[in-house]
Amino acid sequence: MVVFSAWPQPKTDMSTWQQILATTLLVVFALSARADPEKNYLLHCSGCHLPNGIGDPPNAPSLRDTIGKIVATPEGRDYIIRVPGSSQTPMSDEQLANVLNWVLTEFNSDTLPTDFAPLNAKEVAKSRSKVLADPQKYRARYWPDY
Ligand code: HEC
């Protein structure tokens, strides 16, 4: 095809330094994405709960203020990990712990108990293995008031 041979050819001969730079940028990008709970929230949760956490009731509940009260008990800590949106997310236990801690401190600072101990990967691993089959019924039973 004579016509196409006249097109500018992609430059494929990157210098070693360009290759090192490109690789470094990729690694830095991957690490920063992994370390950033806000990015993971936006990527994995905000589709239903919206970027500011207000949700879209009754389709998806708000994650503002209410769950700060819920995590005051061990059952509540367990619950917010077990809901399908949390437990089934394609994130590691540590990433999910960080996202939930971020949601709690970012959207629930007024209601979060002052002695709240952040969730950790071990606690998340244990709770997320018990996915809630009927989260709405469970919630209505234990936290009917908020
Ligand atoms: C596909 C939509 C969807 C996505 C994505 C989603 N959720 Fe949810 N979430 C829901 C729905 C719907 C409920 C209500 C319980 C149920 O039916 O599962 C809920 C409930 C919750 C609750 C309990 C709130 C309450 O007041 O009882 C928490 C906490 C929660 N989600 C966190 C998350 C987190 C964190 C993520 C991201 C890792 C996430 N969700 C992703 C739809 C979603």
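Start by selecting the ligand: of the 22 residues around it, Cys45, Cys48, Ile80, Gly85 and Thr89 come nearest (a residue is near a molecule if its C-beta atom, placed from the backbone, lies within 6 Å of it). You are looking at a predicted model, where local features need pLDDT of at least 70, side-chain atom pairs count only at pLDDT 80 or more, and totals for chains, interfaces and linings use all residues. Residue numbers run from 1 along each chain as its sequence is written.

Now colour the elements that give two or more residues to this shell: helices H4 (46-49), H5 (66-70), H7 (84-87), H8 (93-107) and H10 (135-142). Helices here are DSSP runs (H or I, at least four residues), numbered from the N terminus. The shell has 13 nonpolar, 8 polar and 1 charged residues; Ala, Val, Leu, Ile, Met, Phe, Trp, Tyr, Cys and Pro count as nonpolar, Asp, Glu, Lys and Arg as charged, and the others, Gly among them, as polar.

Click Val99: leaving aside residues up to four places away in sequence, Val99 touches Pro37, Asn40, Tyr41, Cys45 and Met91 (contact: C-beta atoms, placed from the backbone, within 7 Å).

Definitions and conventions. Contact = placed C-beta atoms within 7 Å.
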